[in-house]
Amino acid sequence: MPARERYDAVIVGGGHNGLVAAAYLARAGRTVLVLERLGSTGGAAVSTRPFAGVDARLSRYSYLVSLLPQKIVQELGLNFTLRKRTVSSYTPAHREGRPTGLFVGGGPDRTRESFERLTGGTAEYTAWEAFYGMTGHVAERVFPTLTEPLPTRDELRRRIDDDAAWRMLFEEPVGAAIEAHFSDDLVRGVVLTDALIGTFAEAHDPSLKQNRCFLYHVIGNGTGDWDVPVGGMGAFTEALTAAALSAGAEIATSHEVTRVESDGRQHADVTYRT
Ligand SMILES: Cc1cc2nc3c(=O)[nH]c(=O)nc-3n(C[C@H](O)[C@H](O)[C@H](O)COP(=O)(O)OP(=O)(O)OC[C@H]3O[C@@H](n4cnc5c(N)ncnc54)[C@H](O)[C@@H]3O)c2cc1C
């Protein structure tokens with residue numbers, strides 16, 4: 001049960017975003033309560049032991065870390081380990097009646113070989129390097145802004161300082177850039193996955209939702225690398241929970257918020273059921 005009647009901040013939901021907010025607010029001296037509907041914290045960032053008799057913890061839903069700024073890891077003193085992946089993806093295919101595929105990983109040489117075997121030439125891998133060189137430059141410039149006051153569009157454009165990249169990623173549907181860079185349909189599909197996954201957008205959607213999704217996949221920590229948390233995402237969530245608790249936040253699991261009534265300015269009444 002929550003220890004007080006009133007808190008400076010009540011956070012609905014103990015996923016990783018709620019826990020980060022709780023840790024920072026508590027460290028700033030605020031009284032903080034996290035109300036979590038489920039029996040444990042973590043939301044979509046949790047681990048499970050799927051194999052009976054094997055003490056291996058794997059991520060249940062969300063499983064790779066890229067967008068977590070080192071600044072947050074350091075400031076909150078989060079204790080968990082990330083490992084680099086050796087394989088990014090493998091996409092099986094049929095070409096001329098025989099099974100083949102595109103392997104991305106194992107270092108640049110193996111990836112290049114796989115491109116050449118699939119496409120029969122060097123052009124697609126050269127295009128791949130140029131395209132991800134461009135996104136790498138954008139990543140270095142954009143990622144630091146995630147923990148800074150939100151820049152204006154013009155400020156961000158000046159910071160990126162690459163008109164072609166700005167047009168491809170921020171102004172035109174990213175499908176156009178992918179089609180202009182790559183001619184192999186399977187390669188186009190692999191690149192486009194990062195733009196469409198989890199959205200209902202399509203490559204040429206005028207809303208540019210797919211561009212936003214693509215940027216989130218390529219800017220992480222200024223490199224676009226996606227790393228594996230040892231012990232699964234649950235290990236990371238446990239580090240966050242520990243940081244929030246040690247800063248003085250209270251966390252009440254199995255507490256579902258059913259109503260929030262706010263004056264729209266300063267005060268809110270929060271109703272929950274256990
Ligand atoms: C299958 C899958 C795979 C993914 N893979 C990745 C990945 O590899 N890497 C990555 O970075 N992102 C991934 N994502 C996205 C990522 O998981 C989410 O962006 C992230 O979990 C959002 O965190 P959150 O704290 O905002 O919300 P959530 O993790 O959804 O947490 C919200 C919490 O609020 C609680 N809650 C909801 N309503 C109430 C209520 N009324 N009262 C009390 N508590 C409530 C929920 O129980 C939950 O614990 C994936 C998502 C899914 C679904």
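T86 is exposed in this predicted model, and its relative accessible area is 63%. The residue belongs to the loop that runs between β5 (82-83) and β6 (87-95).

**The surroundings of T86**

- Leaving aside residues up to four places away in sequence, T86 touches G105 and G106.
- T86 and G107 are separated by 21 residues in sequence, while their C-alpha atoms are 7.6 Å apart in space.

**The chain as a whole**

- The secondary structure of the chain consists of 10 helices and 11 strands.
- The chain has 274 residues, of which 39% count as buried.
- Contacts in the chain between residues at least 6 apart in sequence include 57% that join residues at least 24 apart.

**The ligand and its shell**

- The ligand is surrounded by 21 residues, and the closest of these are N17, E36, A44, L64 and V257.
- Two elements, α1 (16-27) and β10 (256-262), each supply at least two residues of the shell around the ligand.
- R37 has a backbone N or O atom that lies 3.0 Å from a nitrogen atom of the ligand.
- For A44, a backbone N or O atom is placed 2.9 Å from an oxygen atom of the ligand.
- Y63 likewise has a backbone N or O atom, at 3.0 Å from an oxygen atom of the ligand.
- The ligand taken alone exposes 1,000 Å², and the protein buries 60% of that area.

**S66, a buried loop residue**

- S66 is found in the loop between β4 (58-59) and α2 (70-76).
- S66 counts as buried because its relative accessible area is 2%, and the limit for a buried residue is under 20%.
- The side chain of S66 reaches the backbone oxygen of D225 at a distance of 2.8 Å.
- Not counting residues up to four places away in sequence, S66 touches F143, G220, N221, G224, D225 and W226.

- E96 is not a glycine, yet its phi is positive, at about 50°.
- The position of E96 is in the loop between β6 and β7 (98-105).
- E96 counts as exposed because its relative accessibility is 80%, and exposed residues are those over 50%.
- N221, one of the residues that S66 touches, also has a positive phi of about 50° although it is not a glycine.
- The loop that holds N221 lies between α9 (209-218) and β8 (228-229).
- N221 is partly exposed because its relative accessible area of 33% falls between the limits of 20% and 50%.

Terms used:
Residues are numbered from 1 along each chain as its sequence is written. This is a predicted model: local features need pLDDT of at least 70, side-chain atom pairs count only at pLDDT 80 or more; totals for chains, interfaces and linings use all residues. Side-chain values use heavy atoms; hydrogens and water are left out. Helices (H or I, at least four residues) and strands (E, at least two) are DSSP runs, numbered from the N terminus. Buried means under 20% relative accessible area, exposed over 50%, partly exposed in between (1.4 Å probe, protein chains only). Contact means heavy atoms within 4.5 Å. A residue is near a molecule or strand if one of its heavy atoms lies within 4 Å of it. A polar contact is a pair of N or O atoms within 3.5 Å; within protein, one must be able to donate a hydrogen and the other to accept it, and residues adjacent in sequence count only if both atoms are side-chain atoms. Accessible areas come from the Shrake-Rupley method with a 1.4 Å probe; for residues, only the protein chains shown count as cover.
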